[in-house]
Amino acid sequence: MNSSKLYNAVFAAGISFILACLMIGVKLDTDSTVLAVKGATAEQWAWIIGGIAVVFLSQLFSTQVDALFRAIPKPDIQALLPQQQKFATLKPWLIAAIIVVMMIWPFMVSRGSVDLATLTLIYIMLGLGLNIVVGLAGLLDLGFVAFYAVGAYTYALLSQYFGMSFWACLPISAGLAATFGFLLGFPVLRLRGDYLAIVTLGFGEIIRILLNNWTSLTGGPNGISGIAKPTLFGLEFNRRAKEEGAMTFHEYFDMDYSSSYKVIFLYLIAVLLVICVIYLINRLMRMPIGRAWEALREDEIACRSLGLNRTAIKLSAFTLGASTAGFAGCFFAARQGFISPESFIFIESAIILAIVVLGGMGSQMGIIFAAIIMTILPELAREFSEYRMLLFGLLMVVMMRWRPQGLVPMKRPNLELKQQ
Amino acid sequence: MSQLLLDVNGLTMRFGGLVAVNGVNLKVKNRQIVSVIGPNGAGKTTVFNCLSGFYIPTEGSVMLKNEQIAGLKDYQISRKGLVRTFQHVRLFQKMTVIENMLVAQHRHLNTNLFSGLLKTPNYRRLEKDAMEHAAHWLKEVGLLEYANREAGNLAYGQQRRLEIARCMVTQPELLMLDEPAAGLNPNETKELDELIIKLRDEHEISILLIEHDMSLVMGISDHIYVIAQGTPLANGTAEQIKGNPDVIKAYLGEE
Ligand SMILES: Nc1ncnc2c1ncn2[C@@H]1O[C@H](COP(=O)(O)OP(=O)(O)OP(=O)(O)O)[C@@H](O)[C@H]1O
Ligand SMILES: [Mg+2]
């Protein structure tokens, strides 16, 4: 055991001790009328000491721990799938089966599960949008939530002030978010990596602060409530029709009113939107523009030398990524019925980015898996809600150590060439 | 008679106080192999960067087919038929060989977004043509069997050849190669030699070459320019350059 190891271990244990003391060891509490500093209970101290011991030992034996990590078998999802040839013939059936299951499933489970699934679908959409910018074009964007906010507020405001319907606002939201993406694209054209990350981070904050302070238009921190839900060809899903003469869904079909219809309907819209987004982005990835995004990520100078206009390519990535977030935002506003700047804070951008990185940059399949994990896990770990962020962090660290390329790394398309 | 393809006059590039290129003149005719040689740090790569639009030259004119191209953007210049390779190979490493070839044809393929999304017949035809064109050039440089490999996993010599093939699918008239033989073994150098001659004789393009391998340069060049410390030192045929006392001095002086 060399001394640098020991030094590292002592250092790490010391840091953990200080942090644990500050965060868990002491608590501010009200003692009748005055504030009092209270120490942790004996049980908590035992946990803290245990945690520090783990940190100390894992640092001391880091080589062995690393070896252990390497020894854990990595699930080779590629290998689980059937062979290329067989898979190609199976694929349409598989996709059809998945879609059918997704359509039938909500009728058999609880309202809460359907609601959670809808949320997951929103994150899938956001992940797929950010994937264009980060995964494909290689432009690190930390303010992606801004476009989500633009989409959401577009629908909320248009619905509030002009009574426009969800379906009409969907393309408008996407379009406006795309415009913002385009506008952001200009100042950051020459930036890469860290610098780009900082500028986009700032952009995300600007949008949030603007929404927070433009009280006359956006309602400021109070947000906007009572946003209309989507309708099915004009049929509402409320108990009673809001507008004079309008019909509700259950009246039209002569059924009893049930609030779960609305939840299922929203879910089905989300499924529809996600399928559209997946299809479109999948096509884009196999088109010249998709290849150009990746080429830009790989080597910008080579791109320029081959006659590719990097300005157009970067702007298109920003624009299309942002429009996907606009879609998601519009749907989010419709689902919640209430939005406020609180929903569009930095941590949302971080979660979306985490979905892209955990899933595997550029890989749509990976992003879908990651979005499912990232939204369902916090629900399963409800009891630990106090430590949610801690668990979240732990998951990231473990994932990046164990599988840095992501859950399902992107696979290159195999292009058939006619042998001449 | 062969006519003038590229005509460079008084090309000068300054970086602050440093004069990297000082009044260089170059002439390349159709179907010619022209070499630029000079000791390390002479400014050869800087000349290429000026011609290809990566740098905007401080002074001088660059005429491609009687059209001024100095000051144009890099991608505009390459669309006019002047493309280059790099001293250090620049491939799209994580993409496959064939994808590298398709990216280079971006301009011919990228017609409009909707025809691609809807896979119109016109789009399919363009894509098929691009694939065939790519396959043709991969075969030409002997990489057809590696079409679906990741470019970054190819051997060094293959990467060099892929870079040339990738330039060729853009259908250039003037190909600029920056030290294409660096790091190649004698066998690969010989193949490269043959490939360059073939490009001139069969595909009828001109080649501007930077190279330190003197036997390669002397063997294939129609005309040679020597630059030392950014300044033109001599130019002529291989025979004239070999016997030029200034050139010998510049090279020996350096060593
Ligand atoms: N962007 C730049 N900024 C400042 N100086 C530069 C720049 N690019 C090149 N130089 C300088 O210009 C001079 C010529 O460099 P260049 O790379 O053109 O030489 P070269 O002839 O290609 O050499 P080699 O044979 O080693 O490749 C060098 O002194 C270099 O430091
Ligand atoms: Mg050089």
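The model is predicted, so local features are given only at pLDDT of at least 70 and side-chain atom pairs only at pLDDT 80 or more, while totals for chains, interfaces and linings use all residues. Residues are numbered from 1 along each chain as its sequence is written, chains are lettered from A in the order in which they are written, and side-chain values use heavy atoms, with hydrogens and water left out.

**Domains of chain A**
- Chain A is divided into domain 1 (3-71) and domain 2 (91-221 + 260-402), with bounds that come from an automatic or database domain assignment.
- The C-alpha centres of domain 1 and domain 2 of chain A are 36 Å apart.

**Pocket between the domains**
- The second largest pocket holds about 1,500 Å³ of space, a volume filled by probe spheres set on grid points joined across faces, edges and corners.
- A pocket here is an open set of points on a 1 Å grid over the protein atoms alone, where a 1.4 Å probe fits, with protein on both sides within 12 Å along at least five of seven lines, and its lining residues have an atom within 4 Å of a point.
- Because domain 1 and domain 2 of chain A both contribute residues to its lining, the second largest pocket lies between them.
- Of its 33 lining residues, I24(A), G51(A), V55(A), L390(A) and L394(A) lie nearest the centre.
- At least two lining residues come from each of α1 (3-25), α2 (42-60), α3 (62-71) and α18 (388-402) of chain A, and α2(A) gives the most, with 11; helices are DSSP runs of H or I with at least four residues, and strands are runs of E with at least two.

**Nonpolar cores**
- The largest nonpolar core comprises 145 residues, and I339(A) and L175(B) have the most contacts inside it; such a core is a set of buried Ala, Val, Leu, Ile, Met, Phe, Trp, Tyr and Cys residues joined through side-chain atoms within 4.5 Å.
- Beyond its neighbours within four places in sequence, I339(A) is in contact (heavy atoms within 4.5 Å) with residues including Y153(A), I227(A), F332(A) and F344(A).
- A second, separate core of 28 residues includes L11(B), C50(B), L82(B) and Y225(B).

**Positive phi in chain B**
- E179(B), in the loop between β7 (174-178) and α8 (186-201) of chain B, has phi near 50°, a positive value in a residue other than glycine.
- With 9% relative accessibility, E179(B) counts as buried, a term for under 20% relative accessible area (1.4 Å probe, protein chains only).
- E204(B), in the loop between α8 and β8 (206-210) of chain B, has positive phi near 55°.

Methods
Buried means under 20% relative accessible area, exposed over 50%, partly exposed in between (1.4 Å probe, protein chains only).
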